[in-house]
Amino acid sequence: MTDDLVAALRPLLTAEASAEAPACGAEPGDLEQAVWLRLLERLDSDGPPPDPPGWLRRAVRSEARRSRRTTRLERPFEHEPADESADDPEHLALTAARHRALREAVRRLPGRCPRLMEALLSPKDLTYREIAGELGISQGSLGPERSRCLGCLRRLLTPEVAARRARG
């Protein structure tokens with residue numbers, strides 16, 4: 001029964017939605033989809049309409065009115081939202097400031113930590129073996145030393161990072 005009803009109404013719905021869509025600023029497919037959904041909801045609750053073609057025409061017009069109201073209430077942006085790409089000057093300046101703050105904090109670390117962190121942050125992408133050889137320490141102690149240094153760095157940066165966050 002439902003399949004027959006859908007098959008019988010499909011051409012009429014396509015024609016009605018195509019006719020109403022330009023006037024309401026909607027796509028015909030969107031109107032069709034909304035009317036199919038209304039029909040399925042109706043079939044589930046009240047059964048098929050007594051006059052399916054008449055019901056379908058009224059449903060298409062109702063959906064077109066709803067679409068017109070929605071379009072009328074929506075307002076376009078006056079300007080496009082700001083581009084949040086990584087190449088804008090503000091983003092580049094903030095990134096440079098964070099890198100400077102990190103480098104300054106690394107220089108304030110105790111003991112071998114500044115040299116270790118510089119090696120870890122190096123653009124050369126050194127291996128643990130190369131870092132251990134450069135610092136004159138065993139490769140096995142590099143991991144615990146790195147953890148200790150990162151803990152110190154975290155404690156140094158926490159007040160600076162916390163002070164920069166927006167509150168409220």
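User: In this predicted model, where is the place of D125?
Analyst: D125 counts as exposed, at 66% relative accessibility. Exposed means over 50% relative accessible area, so the value of 66% puts D125 in that class. The place of D125 is in the loop between α5 and α6.

User: What is the phi of D125?
Analyst: D125 is a residue other than glycine, and its phi has a positive value. That phi is near 55°.

User: How many helices and how many strands does the protein have?
Analyst: From the N terminus on, the elements run α-α-α-α-α-α-α. The protein accordingly has seven helices and zero strands.

User: What percentage of the 168 residues in the protein do buried residues make up?
Analyst: A residue counts as buried under 20% relative accessible area. C152, at 15% relative accessibility, is one of the residues that count as buried. Of the 168 residues in the protein, buried residues make up 30%.

User: How far apart in space are C152 and A105, C-alpha to C-alpha?
Analyst: C152 lies in helix α7. At 15% relative accessibility it counts as buried, because the limit for that class is 20%. C152 and A105 are 47 residues apart in sequence, and their C-alpha to C-alpha distance in space is 9.5 Å.

User: What distance separates the C-alpha atoms of R115 and L135?
Analyst: R115 is found in helix α5 and is partly exposed, with a relative accessible area of 48%. R115 and L135 are 20 residues apart along the chain, and their C-alpha atoms are separated by 7.5 Å.

User: How many salt bridges does the count come to?
Analyst: Side chains of opposite charge can pair when their charged atoms come close. The rule applied here asks for a side-chain nitrogen of Lys or Arg within 4 Å of a carboxyl oxygen of Asp or Glu. By this rule the count of salt bridges comes to eight.

User: Which parts does the salt bridge of E20 with R61 tie together, and how many residues apart in sequence are they?
Analyst: The closest N and O atoms of E20 and R61 are 3.9 Å apart, and the limit for a salt bridge is 4 Å. E20 is buried, with a relative accessible area of 18%, whereas R61 is partly exposed, with 33%. E20 lies in helix α1 (residues 2-24) and R61 in helix α3, so the pair ties together parts whose separation in sequence is 41 residues.

User: By about how many helical turns are E63 and R66 separated?
Analyst: E63 and R66 form a salt bridge, with their closest N and O atoms 2.9 Å apart. E63 is buried at a relative accessible area of 8%, while R66 counts as partly exposed at 40% relative accessibility. The two residues are three residues apart in helix α3, so their separation is about one helical turn.

User: How many residues apart in sequence are the parts that R112 and E145 tie together?
Analyst: The side chains of R112 and E145 meet in a salt bridge (3.6 Å, N to O). R112 lies in the loop between α4 and α5 and E145 in helix α7, so the pair ties together parts that are 33 residues apart in sequence. R112 is partly exposed, with a relative accessible area of 40%, and E145 counts as buried at 12% relative accessibility. The separation in sequence is thus 33 residues.

User: Which residues do salt bridges that share partners join into one network?
Analyst: E20 forms a salt bridge with R61, and both belong to this network. The residues joined into one network are E16, E20, R57 and R61.

User: Which residues form a positive surface patch?
Analyst: R68, one of these residues, is found in helix α3 (residues 52-73). Patch residues need over 30% relative accessible area, and R68 is partly exposed, with 31%. The positive surface patch is formed by R65, R68, R69 and R72.

Terms used
Residues numbered from 1 in each chain as written. Predicted model: local features only at pLDDT ≥ 70, side-chain atom pairs only at ≥ 80, totals over all residues. Heavy atoms only, no water. Patch = residues over 30% accessible without salt bridge, like charges linked within 9 Å, V, L, I, M, F, W, Y side chains within 5 Å. Areas by Shrake-Rupley, 256 points an atom, 1.4 Å probe, with all protein chains shown as cover. Lys, Arg positive; Asp, Glu negative; His and termini not counted. Charge placed at Lys NZ, Arg CZ, Asp CG, Glu CD. Helix = DSSP H or I, 4+ residues; strand = E, 2+ residues; numbered from the N terminus. Buried < 20%, exposed > 50% of the residue type's maximum accessible area, 1.4 Å probe, protein only.
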